[in-house]
Amino acid sequence: MKRIRFYWLTFFIGIIVAVYVLYGARIVDIVAALAAPSPSGAAQSAALFPSPEETQYIMRLYLEPGSRIIYGETRILTSNTSGRGLGELWLTAYPNAFSKSSATPAPADAYYAGFNPGWMEFDEISINGQKAQYTSRGVSVQVLPPADIMPGNQIDLSIKWKALVPRLAYRYGTRDGVYMLGNFYPVLNVLDKDGWHNSYNSVFGDPFCFHCANYLVELNIPEYYDMVATGSYGEPIIEDNGRQTYVIQAENARDFALVLMYDYAKLQTSINKLNVNCYVPNGYKDLAQPILEKAASMLNYFNCSLGTYPYKQFSMAFVPMKGFHGMEYSGMIFLSEDYLKRGGLDQSGEMLLAHEIAHQWWYGVVGNDQLKEPWLDEGLANWSAYKYLEDVEQVKVNITELKEGVSLARELRDMYSKQDYYRTAYSGGEAFWFGLEKELGKEKVNKALRRYLATYRFKIAGTQELLDVIEKEADSNMDAYFYKWFKVNPGN
Ligand SMILES: [Zn+2]
């Protein structure tokens with residue numbers, strides 16, 4: 001007996017020595033991981049960094065219109081829920097997409113004053129009070145903590161930054177006294193079992209993958225500006241120097257967007273206690289009113305057919321933006337002024353509005369990696385918009401069959417052109433759903449969508465998770481149908 005014990009002891013010591021030799025300091029991580037208190041939902045924790053329940057952005061923003069610079073201090077409070085030691089963190093600094101004329105995603109006609117750069121610079125990045133090294137790589141920034149961050153440890157990531165807003169009629173830019181600020185602040189990227197989901201610059205599509213977080217934002221702007229932002233806020237505090245400060249709070253926001261405007265009107269309506277706001281240049285109020293009413297009706301429809309809209313208000317802002325008719329953010333959408341001026345609500349106008357609003361559910365409530373699987377949110381937003389047209393507007397929708405098969409399993413960087421992107425993510429995505437409805441019937445598809453929404457609310461889901469939910473609801477083997485769209489057996 002004693003002899004056997006001795007052999008076992010030698011065996012275990014041998015294993016520990018071997019692991020130490022093979023992995024060196026990593027053993028410290030392994031021991032720490034075993035000893036660390038298990039974060040909520042430990043089984044899923046590897047897919048949840050930064051965890052939406054535990055992440056808060058505290059930001060102070062100061063806009064200087066003369067130089068078009070935003071001075072920002074962002075503190076990201078979270079904890080290491082990744083289940084492993086973190087030797088690096090990655091941020092997205094989207095303003096750097098606009099630093100060079102050769103790489104900008106904005107179309108030439110959006111540069112109304114010729115090419116004009118935009119960028120983000122950092123004055124200091126620190127983690128838990130200690131300075132961190134960092135390297136900017138285009139729209140991604142690698143941050144190296146002074147020491148590995150152990151699993152379960154708190155992270156206080158503090159970033160002092162400034163961003164130049166280009167003279168640009170785009171989703172990040174300024175024109176005619178309007179600041180369109182989407183993806184304008186540094187964001188902590190998502191880490192899961194596949195690694196970091198870092199952004200890259202793409203001239204089409206939405207190159208983003210972010211987790212939800214809570215936001216507390218102090219915004220200091222000149223007094224003559226109005227503003228609309230993701231979240232809730234009261235009247236500003238007026239200072240005696242011609243400036244004003246807003247305090248803004250947002251919960252479970254996928255991102256935080258902002259529009260500053262001058263000489264605008266605010267229209268408002270409400271539906272089932274949800275405030276629906278519309279910000280429109282003075283002089284266009286009459287054109288915007290029916291669009292606001294329509295948006296309220298769409299929100300109500302999606303609320304009933306999909307699941308509850310999670311915020312207290314929804315805002316739309318008409319902005320001088322080229323290259324997009326609409327762009328979605330948490331709790332708000334940007335719509336191009338061109339959309340307003342051309343009359344707005346013909347059938348394609350309704351489709352566009354419903355698509356942008358449906359993104360509140362598909363991308364907002366249930367997130368996805370828009371770089372790796374752009375078909376997920378775009379296909380669902382189109383499909384939901386068609387359902388609105390059919391069910392509420394009584395429009396008979398005919399989806400023309402795609403002549404050649406598309407593979408939905410393609411990421412943004414593998415698409416050759418904007419047309420290829422639209423054909424895959426939008427047309428392919430919506431055709432997947434029309435085909436599925438033919439296969440399973442309306443009720444089962446609705447149930448699958450509601451289950452998908454409930455299961456992944458405020459999280460990120462991928463194609464595999466969606467297909468699993470569909471298969472469960474279908475209660476039959478769906479491999480043949482999935483194979484048609486992905487050219488691989490998704491079960492393998
Ligand atoms: Zn879209």
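In strand β19, L258 is the bridge partner of L181. Strands and helices here are DSSP runs numbered from the N terminus (E of at least two residues for strands, H or I of at least four for helices). Residue numbers start from 1 along each chain as its sequence is written. The model is predicted, so to speak of local features takes a pLDDT of at least 70, side-chain atom pairs count only at pLDDT 80 or more, and totals for chains, interfaces and linings use all residues.

L63 stands opposite I70 in β2. On β14, E218 stands opposite R60. Here are the pairings side by side:

| Strands | Sense | Bridges |
|---|---|---|
| β1 (56–64) and β2 (69–79) | antiparallel | nine |
| β1 and β14 (213–222) | parallel | seven |

Now for a helix. α8 (442–455) has 14 residues and spans 20 Å from first C-alpha to last, close to the 20 Å expected; that expectation is 1.5 Å times one less than the number of residues. Which residues of α8 are buried? They are V445, A448, L449 and Y452, where buried means 20 or more other C-beta atoms within 10 Å of the residue's own, exposed means 12 or fewer, and partly exposed is in between, with C-beta atoms placed from the backbone. They lie on the same side of α8 because they cover an arc of only 95° around the axis, taken from the directions from the helix axis to the C-beta atoms. The face turned away from the buried side carries exposed E443 and A454. The buried residues pack against β25 (366–367), α7 (418–440) and α9 (463–474), contact meaning C-beta atoms, placed from the backbone, within 7 Å.

Last stop: H325, in the loop between β22 (313–319) and β23 (326–329). H325 is partly exposed, because 18 other C-beta atoms lie within 10 Å. Leaving out residues up to four places away in sequence, H325 touches L335, S336, Y339 and L352. L340 is 15 residues from H325 in sequence and 9.7 Å away in space, C-alpha to C-alpha.

Terms used:
Two strands pair if DSSP finds at least two bridges between them. Two residues are in contact if their C-beta atoms, placed from the backbone, lie within 7 Å.
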